[in-house]
Amino acid sequence: RRTRGEDHPDTLDSLNNLGVLFATQGRLAEAEVHWRELMDRRRRVLGPDQPQTIGALSNFGSLLHEQGKLDEAR
């Protein structure tokens, strides 16, 4: 964030990677925080139909499903 800025694609990729890392470690609440921020930024910066946005949405939906947040996951 400091070197590339909040909305740079590298920053967005890092947020996604942190979400994956935390989810893999079972730290689901922390993963959710990163993916929520990521989804807001990717939709705004890249657009909702961009493949990276859709991939992150899939990850986020899986995380929500795993947490039992089924309505939101849909």
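Here is a short chat about a predicted model of a single chain.

Colleague: Let's start simple. In what order do the elements of the chain run from the N terminus on?

Modeller: The secondary structure comes to four helices and zero strands. So, reading from the N terminus on, the order is α-α-α-α.

Colleague: What radius of gyration does the chain have, and what would a compact globule have?

Modeller: The C-alpha trace spans about 35 × 25 × 15 Å along its principal axes. With 74 residues, a compact globule would come out near 11 Å, and that agrees with the chain's own value of 12 Å.

Colleague: How much of the chain counts as buried?

Modeller: Take the contacts with a separation of 6 or more: residues 24 or more positions apart account for 47% of them. As for burial, the share of the 74 residues that counts as buried is 30%.

Colleague: Now for helices α1 and α2. Are they roughly parallel or roughly antiparallel to each other?

Modeller: Helix α1 covers residues 9–24 and helix α2 covers residues 28–45. Their axes come within 8 Å and cross at roughly 155°. Angles over 145 degrees count as roughly antiparallel, so that is the word for α1 and α2: roughly antiparallel.

Colleague: And what is the handedness of the crossing of α1 and α2?

Modeller: Two packed helices are described by the angle between their axes and the distance between the axes. For α1 and α2, the crossing also has a hand, and it is left-handed.

Colleague: How do the residues of the contact of α1 with α2 divide?

Modeller: On the α1 side, the contact includes Leu12, Leu15, Leu18 and Phe22, while the α2 side includes His34, Trp35, Leu38 and Arg41. Sorted by type, the residues of this contact are eleven nonpolar, three polar and five charged.

Colleague: Let's pick out His34. Is His34 buried or exposed?

Modeller: His34 lies in helix α2. Leaving aside neighbours within four places in sequence, His34 is in contact with Leu15, Leu18, Gly19 and Phe22. Buried means under 20% relative accessible area; His34 has 18%, so His34 is buried.

Colleague: Arg41 is in helix α2 too. What is the relative accessibility of Arg41, and what does Arg41 count as?

Modeller: Not counting residues up to four places away in sequence, Arg41 touches Glu6, Asp7, Leu12, Leu15 and Leu46. The cut-off for buried is under 20%. Arg41 therefore counts as buried, with a relative accessibility of 17%.

Terms used:
Residues numbered from 1 in each chain as written. Predicted model: local features only at pLDDT ≥ 70, side-chain atom pairs only at ≥ 80, totals over all residues. Heavy atoms only, no water. Axes fitted to C-alpha atoms, helices over the stretch in contact; angles between N-to-C directions. Helix = DSSP H or I, 4+ residues; strand = E, 2+ residues; numbered from the N terminus. Parallel < 35°, antiparallel > 145°, perpendicular 65-115°, else oblique. Left-handed = near helix turned anticlockwise from the far one by under 90°. Contact = heavy atoms within 4.5 Å. Nonpolar A, V, L, I, M, F, W, Y, C, P; charged D, E, K, R; others polar. Rg over C-alpha atoms; globule rule 2.2 N^0.38 Å. Buried < 20%, exposed > 50% of the residue type's maximum accessible area, 1.4 Å probe, protein only.
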